[in-house]
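Welcome! Here is a short tour for anyone meeting this structure for the first time. Please take a look at the sequence and the fold before reading on.

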Amino acid sequence: MTERERDERNERNERDERDERSIQGGLRGREGQPSANSSECSGSSSGGGGKDDDGEYYANMGDALRVLREDVPQLFSKELNMSIYRDDVVFTDGRLEFQGLKNYKIIFWSLRFHGKLFFRHTNVDILRIWQPEDYQIKMRWKIVGIPRVGDMEGVIDGISTYKLDRRGKIYEHSITNVQLRDPPLENPLLYGWNWQYFPETQPQLGGLTPGS
């Protein structure tokens, strides 16, 4: 590991620690207090709420933060932990939208498949993870891939927004601000990372199965 890489890693660790302290401080300050956004939260649980609901939300939200930190850097090598998502979770990238845990699993199976097919090495870094408001987690990430043909790295970064219901389960995952930094988008080796190059399969996503 070069000195620059060590400095970048230390900087990310320090930033993660600051974000974690900010999140935990915000949680302690909000416990027992009604959220201004709670009425807007989709799929809220029935009942009168109260401290029991708050406790479940904070416990599940903490699990979501932990699992996302563990899973995202390994999304090209292992299946995600689906316990933090609702069965009707929605995935959207601004152009397309898929609903249901089965389709969500297939999306990331497809990423792993195309990652292994087109690239001899892939790496995912979480640049920052934070909670801008109640019932929401944001993550800035960067993907670096070295193609099987040639040595030019492909670099993609973007922001994932995870919306949580009153139980602290993720019901929506949206991706925004995606930027393909290098090489240019027209490089065919990167088609597996861009849904627009698979228009014929997108409407039938629910019919695809790993291994088909």
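Helices (H or I, at least four residues) and strands (E, at least two) are DSSP runs, numbered from the N terminus, and two strands pair if DSSP finds at least two bridges between them. This is a predicted model, in which local features need pLDDT of at least 70 and side-chain atom pairs count only at pLDDT 80 or more, while totals for chains, interfaces and linings use all residues. Residues are numbered from 1 along each chain as its sequence is written, and side-chain values use heavy atoms, with hydrogens and water left out.

**Overall layout**
- The chain holds three helices and six strands, arranged along the sequence as α-α-β-β-α-β-β-β-β.
- Of the 212 residues in the chain, 42% are buried (under 20% relative accessible area; exposed is over 50%, partly exposed in between, with a 1.4 Å probe and protein chains only).
- Contact means heavy atoms within 4.5 Å; among contacts with a separation of 6 or more, 60% involve residues 24 or more positions apart.

**How confident is the prediction?**
- The pLDDT, the predictor's confidence in each residue from 0 to 100, averages 76 over the chain, and 60% of the residues score at least 70.
- Where pLDDT is low, the predicted coordinates should not be read in detail.

**The β3–β4 hairpin**
- Strands β3 (residues 119–130) and β4 (residues 136–147) run antiparallel and are joined by ten bridges.
- Five residues lie between the two strands of this hairpin, and Tyr 135 in the turn has a positive phi of about 65°.
- Thr 122 stands opposite Gly 145 in β4.

- Lys 142 belongs to strand β4 and counts as partly exposed because its relative accessibility is 27%.
- Although Lys 142 and Val 124 are 18 residues apart in sequence, their C-alpha atoms are 5.7 Å apart in space.
- Leaving out residues up to four places away in sequence, Lys 142 touches several residues, including Asp 125, Leu 127 and Val 155.
- Ser 174 sits in strand β6 (residues 170–182) and is buried, because its relative accessible area is 12%.
- Beyond its neighbours within four places in sequence, Ser 174 is in contact with Thr 92, Ile 159, Ser 160 and Thr 161.
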